[in-house]
Amino acid sequence: MSMLFDNSGTWYKGNLHMHTLRSDGLLSPEAAAEIYRNAGYDFIALTDHWAQSANQMAENGLLFLGGCEWNTGDALASPVFHIVGIGMEKQADLKNTPALRPQEVIDAINAAGGLAILAHPAWSLDDPDECLRLNGLSGAEIYNSVSSLPRNGRRADSSLYFDLWANKGELMRCFAADDSHFYTGEQTQSFIMVNAPELTADAIKKAIAAGNFYASQGPLFKSIRTDGDIVEMKCSEVQAVVFYSNTVWCEDRVTSGTVTSASYHIKPTDKYVRVELIDKDGRMAWSSPFWVNR
């Protein structure tokens, strides 16, 4: 069976989207970082709007990846694209002008040695088809903690986008992040788990680029395997496992109860599969979608 994750390294927990007093966050970078350090995170990225931070070696167990959030379009009305850059090795060559296009942001991030992540597509009301025309993204946020109650309605969950994209032939990797601004409950809620050989900016970036990570709010994947006929998954204890695909109806999509393993028989109509975990507290975890029947 082929494995979706390489477990040969160490699993590291991180948040790749957060704001401080450098832009519109309500805490200093030091105070914000301390919250995540105390919560057991291994790495974070300070991604203030139009204020690029630098990669820093791990300090008291917490690695800092360089980061920034750039936006195109009207800041107050759709259409707007917010793109987070992670791990840049030099300053991205970008100017905040009305003419700026999302592809220019992605190209500048990649040219600076970073990873480009589409932020909160549901909150931004991004057109799924327009997203498919973008090249060079490392993935998109499937969940964005701050894009929910009490401030932002209930547009935190962008999972439908990933199914629409996969159904049209594009596998988008899944990130989850807090997008912390207020630090009144949205912090330390949604994160990624990365399997890497060491806790360095280079190792974490390479693991993400290779797809060796998943998104979570608490539940943990242990393995996802497939032999082409069946998908087998092992995880921490959860209440439900959901296998999503483009097939509209099937009987074994959901396994519920007290679950630590589940399987799904790949249907002849399936193009892709992605796996979602839900624990007793409603916290979720998401694998990125992967091709089947190929």
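These are my notebook entries on a predicted model.

**Entry 1. Cavity**

I began with empty space inside the protein. Rolling a probe the size of a water molecule over the atoms shows where such space is left. I looked for cavities of 30 Å³ or more and found 1. I noted a volume of about 40 Å³ for the largest cavity.

Next I listed the lining. I found L16, I117, E141, F175, A176, A177 and I192 around the largest cavity. I then asked which element gives the most to this lining. Strand β10, residues 174–177, does, with 3 residues. I also sorted the lining by residue class. The count is 6 nonpolar, no polar and 1 charged. Glutamate counts as charged, so E141 is the charged one.

**Entry 2. G14**

I moved to G14, in strand β2, which spans residues 10–15. Is G14 buried or exposed? I read 0% relative accessibility, so G14 counts as buried. I then looked for its contacts, leaving aside neighbours within four places in sequence. I got Y41, F43, F191 and I192. I checked the last of these by C-alpha position. The C-alpha atoms of G14 and I192 are separated by 5.5 Å, while the two residues sit 178 residues apart along the chain. I192 had already come up in my cavity entry, as one of the lining residues.

**Entry 3. H120**

I looked up H120 and placed it in the loop between β8 (115–118) and α3 (121–124). Its relative accessible area is 3%, so I logged H120 as buried. Which residues does H120 touch, not counting those up to four places away in sequence? I listed H17, H82, E69, E141, D179, N144, S147 and S158. E141 is on this list, and E141 also lines the largest cavity.

**Entry 4. Backbone**

I turned to the backbone. Most residues other than glycine have a negative phi, and most peptide bonds are trans. I looked for departures from both.

I took the peptide bonds to begin with. S78 and P79 are joined by a cis peptide bond, with omega about 5°. I placed P79 in the loop between β6 (67–73) and β7 (80–86). L149 and P150 are also joined by a cis peptide bond, with omega about 10°. P150 lies in the loop between β9 (139–144) and α5 (159–167).

Then I took phi. N60 has a positive phi, near 55°, and is not a glycine. I found N60 in the loop between β4 (56–59) and β5 (62–65). Y183 also has a positive phi, near 55°, and is not a glycine. I placed Y183 in the loop between β10 and β11 (191–196).

Which of these two is exposed, and which is buried? N60 has a relative accessible area of 66%, over the 50% cut-off, so I logged N60 as exposed. Y183 has 10% relative accessibility, under the 20% cut-off, so I logged Y183 as buried.

**Entry 5. Aromatic rings**

I searched the whole structure for aromatic pairs and got 12. A pair of aromatic rings is described by the distance of the centres and the angle of the planes. I wrote down both values for two pairs that share F5.

I started with F5 and W11. Their ring centres are 5.8 Å apart and their planes stand at 85°, so I called the pair edge-to-face. At 4% relative accessibility, F5 counts as buried. W11 is partly exposed, with a relative accessible area of 24%.

I went on to F5 and Y214. Here the centres are 5.5 Å apart and the planes stand at 50°, so I called the pair tilted. I placed F5 in the loop between β1 (2–3) and β2, and Y214 in strand β12 (residues 213–216). The pair therefore ties together parts that are 209 residues apart in sequence. I logged both F5 and Y214 as buried.

**Entry 6. Charges over rings**

I found K267 over the face of Y264, at 3.8 Å from the ring centre. I also found R274 over the face of Y244, at 4.2 Å from the ring centre.

Definitions and conventions
Residues numbered from 1 in each chain as written. Predicted model: local features only at pLDDT ≥ 70, side-chain atom pairs only at ≥ 80, totals over all residues. Heavy atoms only, no water. 1 Å grid on protein atoms, 1.4 Å probe; cavity = no way out; pocket = protein on both sides within 12 Å on 5 of 7 lines; lining within 4 Å. Points joined across faces, edges and corners; volume = space filled by probe spheres on them. Helix = DSSP H or I, 4+ residues; strand = E, 2+ residues; numbered from the N terminus. Buried < 20%, exposed > 50% of the residue type's maximum accessible area, 1.4 Å probe, protein only. Contact = heavy atoms within 4.5 Å. Phe/Tyr/Trp six-rings, centres within 6.5 Å; stacked < 30°, edge-to-face > 60°. Lys NZ or Arg CZ within 6 Å of the ring centre and 35° of its normal.
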